[in-house]
Amino acid sequence: MREHAGLTREQFGELVRFSKHTVASVEQGRRMPDQDFVERAEEALGNTGALRKAAPHLSRQAGLASWFRQWARLEAQAQTLWTYECRVVPGLLQTEAYARAVTQSVPPVKDEEQVAEQVLARMERQQLFARRPPIAFSFIVEQALVERGTGGPAVTRELLNSLLERSSQFNVELQIMPRHQPDHAGFDGPLMLLESPDNKWSGYAEGQRGGMLISNPKEVSIMLQRYARLRSQALTPEDSRSLLKQLRGAL
């Protein structure tokens, strides 16, 4: 639209009161435009309304894997969110130090800017805990994940404190899956489920370098059955909190 109006980035920047470098970053998807940018751009380009209509649908979400962004958009609107993890403490429950340790541990090697971007994105997702209307959260986490010592004792202690604090929140249920559990419904790997505002359930499964959004009702039903079974096999929320306190005391 800027080019159609015959404007250079510098000329357009003067009209919207942003630098030509900011204009370039927005156009190339490196920076999300704030409301002031959108409104000034509309005025500079004829008030067609196109930019105002497009702005709510922007979804770059820097720091999140491309295959995860669609799920991240859905969870922002969810009224129920369930997560089972057997690889790493779920991103929504990670502390900044734990997230940094995990991000730095997994190849390929990342520079500081890449690490910071990924950690920030993970921390920003945790704003969901304060959303109104509130989301009903359920987490099932394998005991081995909190015993692994990712990042060292100090990081683990902070993580345990954070899990105890988060699990005391009125809309959060946290269950630990004990190490010894021969009958286990999670052998096929981690899974996530959410309920939309119109009561439609969706699932999500993730592997090494990709994720899959699952909307087929039959497949989602299977995931719901598995999660229900996992809930019955894991420690109760009260016993889970007791275990977390024991693990913290053992550090």
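What is the volume of the largest pocket? The answer is about 1300 Å³. Keep in mind that this is a predicted model. The briefing below starts with that pocket, then turns to the nonpolar cores and the aromatic rings.

**The largest pocket**

- A total of 42 residues line the largest pocket.
- Ala65, Trp67, Gln118, Arg122 and Glu206 are the lining residues that lie nearest its centre.
- Two or more lining residues come from each of the elements β1, α6, α7 (112–125), β4 and β5.
- Among these elements, α7 gives the most to the lining, with six residues.

**The nonpolar cores**

- The largest nonpolar core is made of 34 residues, and Leu93, Phe137, Phe139 and Leu244 have the most contacts inside it.
- Several elements each give two or more residues to this core, including α5 (69–75), β2 (136–142), β3 (172–177) and α11 (237–250).
- Helix α9 supplies the largest share of this core, five residues.
- Apart from this core lies another one, of twelve residues, and Trp82, Tyr84, Leu191 and Ala234 are among them.

**Aromatic pairs**

- A pair of aromatic rings is described by two things, the distance of the centres and the angle of the planes.
- Across the whole structure, a search finds nine aromatic pairs.
- One of them joins Trp82 and Trp201, whose rings are 4.8 Å apart centre to centre with 50° between the planes, and this pair is tilted.
- Because Trp82 lies in strand β1 (residues 80–85) and Trp201 in strand β5 (residues 201–206), the pair ties together parts that are 119 residues apart in sequence.
- Trp82 is buried, with a relative accessible area of 16%, whereas Trp201 is partly exposed, at 21%.
- Phe137 and Phe139 have ring centres 5.9 Å apart and planes at 5°, so this pair is stacked.
- Both Phe137 and Phe139 are buried.
- Elsewhere, Phe12, Phe18 and Phe37 form one aromatic cluster.

**Charges over rings**

- Trp82 turns up again here, as Arg231 lies over the face of its ring, at 4.6 Å from the ring centre.

Terms used
Residues numbered from 1 in each chain as written. Predicted model: local features only at pLDDT ≥ 70, side-chain atom pairs only at ≥ 80, totals over all residues. Heavy atoms only, no water. Core = buried A, V, L, I, M, F, W, Y, C linked by side-chain atoms within 4.5 Å. Buried < 20%, exposed > 50% of the residue type's maximum accessible area, 1.4 Å probe, protein only. Helix = DSSP H or I, 4+ residues; strand = E, 2+ residues; numbered from the N terminus. Phe/Tyr/Trp six-rings, centres within 6.5 Å; stacked < 30°, edge-to-face > 60°. Lys NZ or Arg CZ within 6 Å of the ring centre and 35° of its normal. 1 Å grid on protein atoms, 1.4 Å probe; cavity = no way out; pocket = protein on both sides within 12 Å on 5 of 7 lines; lining within 4 Å. Points joined across faces, edges and corners; volume = space filled by probe spheres on them.
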